[in-house]
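Take a first walk through this structure.

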Amino acid sequence: MLFRRRARMLRWLVCGRVGTVWIWKALLLFVAIAFAVQLLGVIFNKSSVHPAGHSIFLSSDAQGPSLGFCQPHTHIMFLKTHKTASSTVLNMLYRFGDERNLRFALPMGYQFGYPLPFNAHRVKGYRGPRAMEFHILGHHMRFNKPEVEKVMPADTFYFSIIRDPAGMAESSFAYYKEVAPAFKKAKSLGDFADNPYRYYDSRVRNNYARNLLMFDFGMDNSANFSLAVAQKAETMIRQTFNLILVSEYFDQSMILLRHALCWPLETVVSFSLNARQQKPSDVGGLSGSFVSKAAAAAGIGFRGVRPQAKILTNVTEAQREKLRQWNAFDLYLYKTFNRTFWEDIKSFGYAQMEQEVSLLRMLRKEMAQVCLRDGGKPVEGRRIQDKNIRPFQLGLLQILGYELQPGLDNATRAACLRMIRPELQYKDVLDAKQFPRMAQSGQQNPALLAAGASLVRQDSPRTGERPAEGNAGGRTAELRDWDGSRLMRRNQTLIQKVRLT
């Protein structure tokens with residue numbers, strides 16, 4: 001009996017007074033641990049994605065408002081659409097990966113065989129699924145999901161950018177007027193808008209003249225509009241891509257992107273790259289760039305723009321609407337994902353978005369004053385003496401670039417240079433960094449002498465390409481990859497051509 005009473009008292013002490021104390025202690029300990037984990041998460045977010053090198057941002061707000069507890073994405077696939085400010089986005093990815101020594105999935109030329117669908121074997125150094133970890137994939141391609149998934153890990157973040165089809169048409173016409181068959185035949189963009197069927201032939205490659213977004217996403221761009229086909233494209237994009245940005249709202253897009261990727265604000269600060277001059281240029285074509293020399297060496301000629309050429313891209317509002325209807329699939333995608341974009345901003349919070357956009361613009365202005373001559377005023381490409389920062393020239397209008405502020409210290413100059421380095425030159429820098437053996441030996445694939453050269457079948461019914469000189473019948477010498485392995489396949493005739501970015 002006495003034993004039972006003592007047992008009941010012991011249980012009361014443990015589960016009652018003593019138990020309550022320990023429960024409170026355990027609860028406080030749990031709260032302390034949770035707070036510590038949250039604090040470490042913020043610290044991790046503030047430090048682990050910060051550039052390992054020299055930061056040129058003077059403001060203490062360069063990191064931006066806290067992102068909370070999240071892990072930065074380092075596996076990223078960016079579908080680089082045409083004429084949508086995608087070169088500026090790609091530069092941002094270049095800088096992020098370059099500063100952190102991430103591995104890029106690079107093309108052997110400057111594009112992944114565009115306009116052919118993407119193929120994993122066009123990635124330099126690719127040796128099969130999961131044989132090598134690639135972090136960032138972002139050059140021009142025609143999207144092909146099964147092949148992309150062979151290159152990129154399962155946790156890859158997919159995103160792209162879109163633009164109003166009327167604006168895309170104006171930009172495409174100015175840029176591709178001398179090379180796109182449909183545009184070359186038209187007297188003006190207004191003339192093309194009034195009767196596009198007079199000039200457009202769906203059997204010809206490189207038209208850049210109809211539903212370019214639809215084409216870049218890997219869909220059929222030439223058919224007349226069908227709601228079922230448009231909805232199929234929408235479903236594919238929604239199921240594959242985590243975020244679709246909108247070119248007209250670039251700064252808001254950068255804020256959404258940086259939160260989605262869990263990146264500091266400074267990583268999405270950028271200058272507009274590959275922008276076109278808004279008035280006619282007295283020179284055009286390839287204008288003596290290093291790309292033109294490579295093309296000349298390959299025996300591929302381009303007709304330069306006539307000095308007296310007039311830029312006839314002005315259209316009436318009625319013609320702009322005609323261009324939207326001509327690009328009906330693109331218009332459907334634009335309206336659909338523009339609506340989704342603003343739904344995302346509403347969920348994000350209008351006040352917070354306004355605050356972060358203001359901070360982003362302040363940082364951009366600060367960087368322009370630090371890095372750029374004349375406070376960041378764009379310069380005609382032909383006036384830039386340094387070929388390492390001179391943008392590739394194509395079309396009737398000059399592509400603008402920037403000049404660095406003189407007197408910068410080495411670390412600041414290197415950081416500023418990354419922000420203004422054009423796409424082609426930056427790709428070459430990353431290529432040499434990832435494949436130093438090829439860069440040191442000076443080895444060069446003969447099929448890649450021309451800018452963006454890629455391998456295509458000669459018997460394609462829609463090529464319109466010319467073989468390189470010295471290759472009788474279009475047959476090349478034996479081709480080798482960066483490590484010396486053979487690229488040439490049996491019974492396949494190869495030719496080279498300049499791919500237009």
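What follows is a short tour of the fold and some of its side-chain pairs.

This is a predicted model. The protein chain holds 16 helices and eight strands. Of its 501 residues, 56% are buried. Its accessible surface is about 23,900 Å², and carbon and sulfur atoms supply 54% of that. Look also at how the chain touches itself. Among contacts with a separation of 6 or more, 77% join residues 24 or more positions apart.

Now find the sheet. Four strands form an open sheet in the order β2-β1-β3-β4, with parallel pairing. β2 (136-137) and β4 (243-246) stand at the edges. Each has a single partner strand, so one side of each lacks a neighbour in the sheet. Strand β1 (residues 76-79) pairs with strand β3 (residues 157-162) in the parallel sense, over four bridges. Met77 has Tyr158 in β3 as its bridge partner.

Helices pack on this sheet. Helix α2 (residues 86-99) touches β1, β2 and β3, and its direction makes about 160° with that of β1. Helix α9 (residues 250-261) lies across β1, β3 and β4. Helix α9 runs at about 160° to β4.

Next, the rings. A pair of aromatic rings is described by the distance of the centres and the angle of the planes. Ring centres must lie within 6.5 Å to count as a pair. By this rule there are 24 aromatic pairs. Take Phe192 and Trp326: their ring centres are 6.1 Å apart and their planes stand at 85°, so the pair is edge-to-face. Phe192 belongs to helix α6 (residues 189-194) and Trp326 to helix α11 (residues 317-326), so the pair ties together parts 134 residues apart in sequence. Phe192 and Trp326 are both buried.

A second pair is Phe225 and Phe329. Their centres are 5.2 Å apart and their planes meet at 45°, so this pair is tilted. Phe225 sits in the loop between α7 (212-216) and α8 (227-240), while Phe329 is in helix α12 (residues 328-348), 104 residues apart. Phe225 is partly exposed, at 41% relative accessibility. Phe329 is buried, at 2%.

Rings also gather in a group. Ring pairs link Phe173, Phe183, Phe192, Tyr197, Tyr199, Tyr200 and Trp326 into a cluster.

Finally, see where charges meet rings. The charged end of Arg142 sits over the ring of Phe215, 3.9 Å from its centre. Lys427 lies over the face of Tyr110, 5.2 Å from the ring centre.

Methods. Residues numbered from 1 in each chain as written. Predicted model: local features only at pLDDT ≥ 70, side-chain atom pairs only at ≥ 80, totals over all residues. Heavy atoms only, no water. Phe/Tyr/Trp six-rings, centres within 6.5 Å; stacked < 30°, edge-to-face > 60°. Helix = DSSP H or I, 4+ residues; strand = E, 2+ residues; numbered from the N terminus. Buried < 20%, exposed > 50% of the residue type's maximum accessible area, 1.4 Å probe, protein only. Lys NZ or Arg CZ within 6 Å of the ring centre and 35° of its normal. Contact = heavy atoms within 4.5 Å. Areas by Shrake-Rupley, 256 points an atom, 1.4 Å probe, with all protein chains shown as cover. Pairing = 2+ DSSP bridges. Axes fitted to C-alpha atoms, helices over the stretch in contact; angles between N-to-C directions.
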